[in-house]
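Here's a quick tour of one structure, starting at the surface and then heading inside. Have a look at it first.

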Amino acid sequence: MFGASVKFVLSVAVWLSSWTLNCSAQTEEEKQPEYWNNLAWQDIQDVLQLQPRTGVAKNLVLFLGDGMGVSTVTAGRILKGQLAGRTGEEELLEMDKLPYSALVKTYNVDRQTGDSAGTATAYLSGVKANYGTVGVDATVARGDCAASFTAKTTSILEHAHAAGKSVGIVATARVTHATPAGTYAYAANRAWEHDGKMPSEAKALGCTDIAQQLVEDNPFIKVILGGGRGYFTSTDQSDPEYPDQTGFRTDGRDLIQEWQDGKQGAAARYVWRKAEFDQVDPAETDFLMGLFEPDHMQYSLDNEDDPAGEPTIAEMTTKAIQILSKNPNGFFLLVEGSKIDLGHHFGLAAHALNDLVAFNDAIAVGKNMLDLDETLITVTADHSHMFGFGGYAPRGTPILGIVPKSDDNIVLDGMPFTNILYGNGPGGSLGGRQNLTGVDTADKNYRQQAAVPMKYESHGGEDVSVFADGPMAHLFRGLHEQVYVAHVMKYAACIGEYTEKCRTSRNQTSAGDQHTWSGFTVFITLLLLKTIIN
């Protein structure tokens, strides 16, 4: 039961015990200018050797770190290194190794700081939307059911399916949550995840809940893996893992059974615990639904405490790719590291950052399993958080620890402070700051302090990064609107509105390149002739 907790404590002990040793070992060669000169020259050579892949992407994989702002990426990178006994700052995540990157703006049409639903609509469908709405354009205000019928957007998942590709979803949140819902649902309110959350007026107008839309309107989705079991079952059904709990639906429907009934004659499996998941043979399975919790899945640090067990996000990604890649036309897969975001909202930095490390493992799976000459891998975030770290800590300071006292850190209240702090959130106090002397700030359930006390920590409004490799990945450069992500994916795969446009433009580019080369060839030929004559 305490396996994950013990593992985390041991990992923390490893990095604390090796901190001083690593600081000195890591920095000796770094004191010499040649080290940095050579490092920069190697980077220049790597970039000079880059050859953009310009073919058509057969497969599209979008790795979405929910709430994975730049500061979270940096802190997660350091934690990854420190858990392995290194100082951490020099570490690289799998996304860092992708050769192309850009920044995207995350605002909603009506909000300076976006939410996961409006942003999902942007990067999945290519259209900016209002806060709290999913799969509809900005003519729909949150909660306006009537307006949503004529304002539906088309997601990259739908375009991929229309092009004959297999499609799938992997998430560690409920599969009806904002990000996965952005691939298949149309809702004027992201909260309408089951019928019990919908107002009677919306039901009367004909709007349906997100779980119902997943099962009724999207039978073609091959892989559905995540949490949210209770959103598909009724209030008179006991949960198989927690018998004292029931489902949430008030309409009496069992959508899991309906999903299974709709797959009669197909190689389909439904699983709700890890042992069943592990037994699924991808070669013999065409449809897989796995719902591993009534609500969100566990944090990666708590996974081993789950009574039925849960697959990791890397394990779910592996099985999803194995199933989807059987289609000769290719596939689209969304993989969301959902609980990075939830860890931040509760002010639990250890959970958020360890889930980023787990998400990093899933990205490694994608890179290792897939041919990047035919697969566009894109890694990005929907938004950031009010999360930061700093305070002039020495190299190798535990990212979840206390910043050592120094002349650069003159704290006016005289009390220690943590490397990581939140701008707002549940770690704030109306009675002033807690004295952290003797507090184990590396404990997985320690809640980092916040400047403004709030029930939940909020999103941040700054830009987020995009990292990519594969066909047309070189189009990610500079700063873009968030909608650009969806358009690059569609253009790379020649689907949606780019079905003909991208092939035509690439042919023109090729012709232009040939024309330029021909002109160059003529010039060299004339130059050689002149030399011979002279």
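Trp 41, Ile 44 and Leu 48 make a nonpolar surface patch of about 350 Å². Patch members need over 30% relative accessible area and no salt bridge, with nonpolar side chains (Val, Leu, Ile, Met, Phe, Trp, Tyr) joined within 5 Å; areas come from the Shrake-Rupley method with a 1.4 Å probe, and a salt bridge is a Lys or Arg side-chain nitrogen within 4 Å of an Asp or Glu carboxyl oxygen.

Trp 41 sits in helix α3, residues 33–48 (a DSSP run of H or I, at least four residues; strands are E, at least two). At 47% relative accessible area, Trp 41 is partly exposed (buried is under 20%, exposed over 50%, partly exposed in between).

## How to read the model

This is a predicted model: local features need pLDDT of at least 70, side-chain atom pairs 80 or more, while totals for chains, interfaces and linings use all residues. Residues are numbered from 1 along each chain as its sequence is written, and side-chain values use heavy atoms, without hydrogens and water.

## The annotated site

An unreviewed UniProt entry marks Asp 66, Asp 341, His 345, Asp 382, His 383 and His 459 as "binding site". They span 394 residues in sequence, yet no two of their C-alpha atoms are more than 14.4 Å apart, so they gather at one spot. Such annotations may be inferred rather than shown by experiment.

## Asp 382 and His 383

Asp 382 lies in the loop between β8 (375–381) and β9 (384–385), and His 383 is in that loop between β8 and β9 too. Asp 382 is buried at 0% relative accessibility; His 383 is buried, also with 0%.

Beyond its neighbours within four places in sequence, Asp 382 has contacts that include Asp 66, Ser 116 and Gln 482 (heavy atoms within 4.5 Å). The Asp 382 side chain also makes a polar contact with that of Ser 116, at 3.0 Å (N or O atoms within 3.5 Å, one able to donate a hydrogen and the other to accept it).

Key: Patch = residues over 30% accessible without salt bridge, like charges linked within 9 Å, V, L, I, M, F, W, Y side chains within 5 Å. Buried < 20%, exposed > 50% of the residue type's maximum accessible area, 1.4 Å probe, protein only.
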